[in-house]
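Reader: Could you walk me through how this chain is put together, one question at a time?

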Amino acid sequence: MSEIEKRQAAAKALEEIQSGMRIGLGTGSTARHFVELLGERVADGLDCLCVPTSEVTAQQAASLNIPLTNLETIDRLDVTVDGADEIGPGLALIKGGGGALLREKIVAAASDQMVVIADASKVVDALGRFALPIEVNRFGLGATRRALELVLSDHQAEGALKLRSDGAGTDFVTDGGHLIFDAFFGRISAPEALSLALLNVPGVVQHGLFLGLCKRAYVATPDGVRTLND
Ligand SMILES: O=C[C@H](O)[C@H](O)[C@H](O)COP(=O)(O)O
């Protein structure tokens with residue numbers, strides 16, 4: 001996806017933002033454009049209060065003087081704008097390619113609406129081509145891995161579990177201090193059942209299937225931005 005298309009999708013989502021709104025700020029290269037554009041509106045006098053979904057987004061937003069708060073101080077958000085790794089039927093999503101899935105899901109669930117911004121390559125007929133991130137507690141990692149392997153086998157995963165590395169030979173650690181397994185399914189035919197099975201593993205903190213959360217997606221194509229509704 002070109003940066004131009006990411007920005008076009010972000011600009012479309014920005015049209016939904018009105019003064020006084022409480023906004024969840026997503027994470028990733030597409031959400032980054034939204035935060036940048038929101039920062040311009042704030043500089044022009046827009047009144048808003050935002051909850052970031054990662055330390056990276058918090059730093060970006062703070063650098064743009066976007067007013068930030070948290071979910072202890074406020075109960076609900078009007079809207080969350082975030083990217084996605086895959087957008088499947090019914091606007092079911094895979095998220096967490098950047099490791100922010102836990103905070104992203106907490107913030108999306110506390111929002112009246114979740115709006116996703118992406119390019120057309122993210123839209124799929126069935127979820128699972130992108131590896132599903134599964135955030136796990138470090139304690140009991142071997143036991144969690146074995147339990148997850150059973151879940152993968154029950155759900156006909158095409159590949160193995162892979163503990164995410166940070167690229168420098170050490171484990172990737174999330175903002176919450178957890179680790180991530182990436183699970184290669186190929187095709188997820190029963191997302192709801194898979195979600196429940198994963199959450200049933202004691203060491204699993206959260207997974208990157210976002211089901212029933214996204215209300216609208218703005219998908220940038222070379223011919224313009226398409227709107228998908230759930
Ligand atoms: O953990 C990261 C998030 O779920 C991102 O929103 C997702 O990976 C999409 O990122 P990008 O916009 O960079 O493709």
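Author: Happy to; a few ground rules come before the questions. This is a predicted model, where local features need pLDDT of at least 70, side-chain atom pairs count only at pLDDT 80 or more, and totals for chains, interfaces and linings use all residues. Residues are numbered from 1 along each chain as its sequence is written.

Reader: Are H1 and H2 parallel, perpendicular or oblique to each other?

Author: Helices here are DSSP runs (H or I, at least four residues), strands are E runs of at least two, and both are numbered from the N terminus. H1 (residues 3-14) and H2 (residues 29-43) have axes 8 Å apart and pack at an angle of about 50°. Angles under 35 degrees count as roughly parallel, over 145 as roughly antiparallel, 65 to 115 as roughly perpendicular and the rest as oblique. Therefore H1 is, relative to H2, oblique.

Reader: How do the residues of the contact of H1 with H2 divide?

Author: Contact is called when C-beta atoms, placed from the backbone, lie within 7 Å. On the H1 side the residues include Ala10 and Leu14, and on the H2 side Phe34 and Leu37 are among them. Ala, Val, Leu, Ile, Met, Phe, Trp, Tyr, Cys and Pro count as nonpolar, Asp, Glu, Lys and Arg as charged, and the others, Gly among them, as polar. The contact of H1 with H2 divides into eight nonpolar, three polar and three charged.

Reader: Is Leu91 buried or exposed?

Author: Leu91 sits in the loop between strand E4 (86-87) and strand E5 (93-94). Leaving aside neighbours within four places in sequence, Leu91 is in contact with Cys214, Ala217, Leu228 and Asp230. The scale counts other C-beta atoms within 10 Å (buried at 20 or more, exposed at 12 or fewer, partly exposed in between, with C-beta atoms placed from the backbone). Leu91 has 21 such neighbours inside 10 Å, so Leu91 is buried.

Reader: And Gln156, is that residue buried, exposed or partly exposed?

Author: Gln156 lies in the loop between helix H5 (141-154) and strand E8 (161-163). Its phi is near 50°, a positive value in a residue other than glycine. Because 13 C-beta neighbours lie inside 10 Å, Gln156 counts as partly exposed.

Reader: What distance separates the centres of domain 1 and domain 2?

Author: The domain assignment, whose bounds come from an automatic or database source, gives domain 1 (3-120 + 211-221) and domain 2 (132-203). Taken over C-alpha atoms, the centres are separated by 25 Å.

Technical notes. Axes fitted to C-alpha atoms, helices over the stretch in contact; angles between N-to-C directions. Contact = placed C-beta atoms within 7 Å.
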